[in-house]
Structures are given as C-alpha cells and as structure tokens.
Amino acid sequence: MHNIFDTHAHYGSHQFEADRDRLLADLPEGGVIGVLECATHSGDASRVLELTRKAPYFYGALGIHPESLIEEDAATVAVYHGDWRAELDALRPLFADPKVVAVGEIGLDHHWPVPRQEQYDLFEAQLQLAAELDLPVSIHDREAHAEMYELLRRYKPRGVLHCYSGSAEDAAWLTGQGMYLGFGGAVTYKGAKRAAKVLEAIEPRWALLETDCPYMAPEPVRGRRNDSRNISHVAAYIGTLWQMEAQQVLDLTAANARKCFNIV
C-alpha cells in the first residue's frame, strides 16, 4: 500500500533514538508520502525543523501542549519556568519556515492534573496565534470536551482534532464548521465502538489518518513501537466501515491531509 499520510507523529521521541535515520529512509519504501511531526513545547522545535530538512516528506507543527505546563523536562518548565507567554514569543519567528504548516500540538487535557485556567489561557492564546498567522491547528482534547467545544465554536479554527474521541453528534457540527477529525490505531481496538459510529456518520472528506507514534500502535501490532507504516492497518479497518479498499481510504485521506494543511 502507498499514499500513507501520517498527520500526527512524534519521531523526535527518545524511543526512536537508536534507529531514527534508518527509519526515515525506510518509511517511503513502506508507502509513506507525508508526515506531520508535532512539537509539544519549544524544546522540540529544533528537532521538528531538523526532521523536515532531513526528510523532504516531513512537515512541522509547532506549539505548546497542555501537559508541558507540568512536565519538569519540558522547556515550558525547565527554561521558561511556566511563563508560556514568553515561550510563545520565542516560537513565533519559527512559523516563517515554509515547512511549518500548523500550530500544534495544542489543546486541553483534564486527564492529568494540569491547572485548568492556565491551560485554557494557553490554548486560547494559541488559537489566536493560529488565526493571526492563518494556519491550521492540531488539537489535543482529552476529557475536556465542554471547554474545548466552547472555544472551537468561538474561534472556528481550521485544522484537526487529533485522536478524535467525541460523539457522532459533535462530529457533525465540528466538520460543519470545517474541522477535520484524526483517527489512529485506537480505532482498531475491540472497545472502539464510538469511533466506528463517528466514522460511519461523517463524510469521508473530513477524516485524517495518524499514528501519534511511538504510541497507539493498531491491531495486530498493538503494544509495539508504532510508526507511520502501520496506518495501513487503520486504513484496512476503516475500509470495512466505508465499504472501500484500504488503498482507496489511503488515497482519500492523503488528499484530505494536503487540503487541511495547505500542502501542494
């Protein structure tokens, strides 16, 4: 299978240290034509840009993830001592790089003990930055639908809700205002009935495929380190819902990715 476009990856992760260069060379042979590498704080930014130079099929998203507000080794804490406004100012010039195509990974997370008002303010500031720069967003929404949807209704950003975990009803208005929904390995798990309902309900033109690698490997490779080639398993599963061949699913979602992130 070919035409795999992975719209959410973290190849900068230490889990890829041992064989990253070899893997980057192997991915195109495995059918991968595009990868959006997502930063989680400013400390990731140089690695993201380095990967976009090393692998021409890589694109970058820069932003501050809500968990970076409490992670001691994130630059948000280690360098900026929680002053995310200063960190955002430092990131701003990097968006001029033509390979940076989105603001991400940004969002809200109520699973971990991240201060609620602080992460809300950080997310809102990054939605404002995306609007100002006219860039799409890559959004993390974990157990935070109420506040997330309030902000998405208000700002109506372009972009993707990565690892979409909402309902089919919410998917209808989200796609109605132009948001794409990201689906990865988790949709292939036995308990993923909600995701199946969403995929059956939405128009296929609003779906993007992703890994969140090195995490969330799909069946039948669940539990192993994930990489973009495994999207073929996700496409095969979604094909059963859409009554399409896996290759059709890959072709369609790759075209969706290019449209979402304005990649010619």
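This is a predicted model: local features need pLDDT of at least 70, side-chain atom pairs count only at pLDDT 80 or more; totals for chains, interfaces and linings use all residues.
**Exercise 1. Which residues does Phe-183 touch, not counting residues up to four places away in sequence?**

Residues are numbered from 1 along each chain as its sequence is written, and side-chain values use heavy atoms, with hydrogens and water left out.

*Solution.* Begin by placing Phe-183 in strand S7, residues 179-183, where helices (H or I, at least four residues) and strands (E, at least two) are DSSP runs numbered from the N terminus. Next, take contact to mean heavy atoms within 4.5 Å; Phe-183 then touches Tyr-164, Val-198, Leu-199, Ile-202, Ala-207, Leu-208, Leu-209, Glu-210, Val-234 and Ile-238. Finally, consider accessibility: Phe-183 has a relative accessible area of 1% and is buried, a term that covers values under 20%, with exposed over 50% and partly exposed in between (1.4 Å probe, protein chains only).

**Exercise 2. Determine how helix H6 is oriented against helix H7, and describe their contact.**

*Solution.* First find the geometry: the axes of H6 (residues 145-155) and H7 (residues 168-176) come within 11 Å and cross at roughly 25°. That makes H6 roughly parallel to H7, since angles under 35 degrees count as roughly parallel, over 145 as roughly antiparallel, 65 to 115 as roughly perpendicular and the rest as oblique. The axes are lines fitted to C-alpha atoms, for helices over the stretch in contact, and the angles run from 0 to 180 degrees between N-to-C directions.

Then list the partners: Tyr-149, Leu-152 and Arg-153 in H6 meet Asp-170, Trp-173 and Leu-174 in H7. The residues of this contact of H6 with H7 divide into 4 nonpolar, no polar and 2 charged, where Ala, Val, Leu, Ile, Met, Phe, Trp, Tyr, Cys and Pro count as nonpolar, Asp, Glu, Lys and Arg as charged, and the others, Gly among them, as polar.

**Exercise 3. Identify the buried residues of H7 and what covers them.**

*Solution.* Inspect the helix itself: Ala-171, Trp-173, Leu-174 and Thr-175 are buried in H7. Their cover includes H6, strand S6 (159-161), S7 and H8. Just after H7, Gly-178 takes a positive phi of about 100°.

**Exercise 4. Locate the cis peptide bonds from Cys-213 to Pro-214 and between Glu-219 and Pro-220.**

*Solution.* Read the omega angles, which are near 15° for the bond from Cys-213 to Pro-214 and about 5° for the bond joining Glu-219 and Pro-220. Then place the prolines: Pro-214 is in the loop between strand S8 (207-209) and H9, and Pro-220 is found in the loop between S8 and H9.

**Exercise 5. Decide whether His-81 is buried or exposed.**

*Solution.* His-81 lies in the loop between helix H3 (75-78) and helix H4 (84-91). At 67% relative accessibility, His-81 counts as exposed. Although His-81 is not a glycine, its phi is positive, at about 50°.
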